[in-house]
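Here is a short briefing on helix packing, salt bridges and surface features. Read it alongside the sequence and the coordinates.

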Amino acid sequence: MVESIAIWEINHPYRRTKSYFDNTREERPAPQALSGYDVLAQLNTSLQGSMGDNTRNRKRDTERPDNWKKKSIFFELPYWRTVLLRHNLDVMHIEKNISESVIGMLLDIDGKTKDTLKSRLDIQEIRIEKPLHPIKSGDKYILPPVSYAMSKTKKIKFCQLIKDVKFPDAYASNISRCVNVKEARHFGLKSHDHHVVFQRIFPLIIKGILPKDAYDPLIELSLFFGNLCAKELHMDKLDKIDKSIRVIICKLEHIFLPSFFDVIVHLAIHLAKEAKEGSPVQFRWMYFIERMLRTLKGYVRNMARPEGSIAGAILQRNAWHSVPNI
């Protein structure tokens with residue numbers, strides 16, 4: 001299975017594509033995940049600037065083949081070098097940030113879109129996407145429209161469809177209050193709102209508004225998160241979505257500008273692998289923790305002493321529940 005995936009990756013046509021990405025051919029093999037022993041072997045190497053057990057920091061050495069500049073304090077734990085899931089990525093915030101970035105790009109919302117003059121000048125500097133290069137007209141620049149650009153009418157239709165959706169009780173919050181149809185923008189959507197919108201509403205709306213080359217990878221990205229957040233996960237299906245997310249990101253690079261692809265978008269590549277090692281995401285994401293933190297914040301009566309307020313409220317609640325019924 002691993003060998004077949006490696007051959008598929010090496011022979012994939014996207015590796016020979018130079019008109020997108022960074023204008024170079026990709027000939028490097030896919031990076032392999034490092035075990036704790038591999039990381040320690042790199043950290044304790046005998047090259048100049050190496051680190052021993054008592055030294056955790058060093059200056060970056062450009063001649064070193066690895067990228068380490070700090071030894072994590074977690075390696076002082078006796079089990080850290082053998083644990084498989086060393087970093088549990090939070091699916092809740094990753095999905096929320098990706099959904100916010102995608103909707104911000106489609107609606108071209110000020111402060112949320114990443115299609116700016118600086119991003120257009122960047123693609124001009126690295127000589128990719130020539131039709132999208134900014135055109136200088138006097139003292140101003142004209143930005144050619146991208147493939148996913150929507151007219152004002154389509155943006156209003158997009159927001160109106162989100163506003164008109166009805167959900168069963170307790171399925172989602174009142175999302176219609178977070179949509180401004182006239183200005184074609186959204187505001188105040190919480191993490192669970194993005195979870196519902198991106199997985200349930202978004203794929204149905206964009207198929208009738210965007211062109212096929214733009215909506216296809218976005219629908220596939222939505223289905224990826226839908227499959228990942230399922231209550232039951234099967235190893236063979238996780239292998240498929242782990243393979244598919246790499247192609248989805250490459251497809252997105254054909255329509256979105258390089259400025260869209262920050263570290264949050266990259267983290268989606270690791271989610272299927274972590275689900276295979278960790279368990280379904282419902283046991284590892286932040287929803288139930290955020291709900292508990294909201295409950296604790298409600299106990300605060302004195303903002304100058306929040307910890308004391310929370311502790312006092314919990315003691316009072318426990319004392320109240322310990323009173324026997326008469």
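Asp-239 is partly exposed, with a relative accessible area of 24%; the class lies between buried (under 20%) and exposed (over 50%), using a 1.4 Å probe and protein chains only. The model is predicted: local features need pLDDT of at least 70, side-chain atom pairs count only at pLDDT 80 or more, and totals for chains, interfaces and linings use all residues. Residues are numbered from 1 along each chain as its sequence is written, and side-chain values use heavy atoms, with hydrogens and water left out.

**Salt bridges**

- Asp-239 pairs with Lys-276 in a salt bridge, the closest N and O atoms being 2.9 Å apart. The pair links distant parts of the chain, with Lys-276 in helix α10 (residues 271-278) and Asp-239 in helix α8, 37 residues apart.
- A salt bridge here is a side-chain nitrogen of Lys or Arg within 4 Å of a carboxyl oxygen of Asp or Glu. Helices (H or I, at least four residues) and strands (E, at least two) are DSSP runs, numbered from the N terminus.
- Lys-276 is partly exposed, at 28% relative accessible area.
- A network of salt bridges links Asp-239, Asp-242, Arg-246 and Lys-276.
- Side chains of opposite charge can pair when their charged atoms come close.
- Asp-262 forms a salt bridge with Lys-114, with 2.8 Å between the closest N and O atoms. Asp-262 sits in the loop between α8 (235-255) and α9 (263-267), and Lys-114 in the loop between α3 (91-107) and α4, so the pair ties together parts that are 148 residues apart in sequence.
- Asp-262 counts as partly exposed, at 31% relative accessibility.
- Lys-212 and Asp-216 meet through their side chains in a salt bridge (2.9 Å, N to O). These two residues are 4 apart in helix α7, so about one helical turn separates them.
- Lys-212 is exposed, with a relative accessible area of 52%, whereas Asp-216 is partly exposed at 27%.
- The count by this rule comes to 11 salt bridges.

**Helix packing**

- Helix α6 (residues 191-206) and helix α7 (residues 212-228) have axes that come within 9 Å and cross at roughly 160°. α6 and α7 are therefore roughly antiparallel to each other.
- Axes are lines fitted to C-alpha atoms, for helices over the stretch in contact, and angles run from 0 to 180 degrees between N-to-C directions. Angles under 35 degrees count as roughly parallel, over 145 as roughly antiparallel, 65 to 115 as roughly perpendicular and the rest as oblique.
- The α6 and α7 crossing is left-handed. That label applies if the near helix is turned anticlockwise from the far one by less than a right angle; clockwise gives right-handed.
- Helix α5 (residues 152-164) packs with α6 at an angle of about 135°, their axes 10 Å apart. α5 and α6 are therefore oblique to each other.
- The crossing of α5 past α6 is right-handed.

**Buried positions**

- Tyr-215 belongs to helix α7. Tyr-215 is buried, with a relative accessible area of 12%.
- Tyr-215 and Leu-204 are 11 residues apart in sequence and 10.0 Å apart in space, C-alpha to C-alpha.
- Met-150 is in the loop between β2 (140-142) and α5. Met-150 is buried at 8% relative accessible area.
- The C-alpha atoms of Met-150 and Leu-106 are separated by 7.0 Å, and the two residues are 44 apart along the chain.

**Positive phi in loops**

- Arg-127 has phi near 60°, a positive value in a residue other than glycine. Arg-127 is in the loop between α4 and β1 (135-137) and counts as exposed at 65% relative accessibility.
- Ala-170 has phi near 70°, a positive value in a residue other than glycine. Ala-170 is in the loop between α5 and β3 (179-180) and is exposed, at 83% relative accessible area.

**Nonpolar surface patch**

- Leu-117, Leu-121, Tyr-141 and Leu-143 make a nonpolar surface patch of about 290 Å².
- Patches are made of residues with over 30% relative accessible area and no salt bridge: like charges are joined within 9 Å, nonpolar side chains (Val, Leu, Ile, Met, Phe, Trp, Tyr) within 5 Å. Accessible areas come from the Shrake-Rupley method with a 1.4 Å probe; for residues, only the protein chains shown count as cover.
- Leu-121 lies in helix α4 (residues 117-125) and is partly exposed at 32% relative accessible area.
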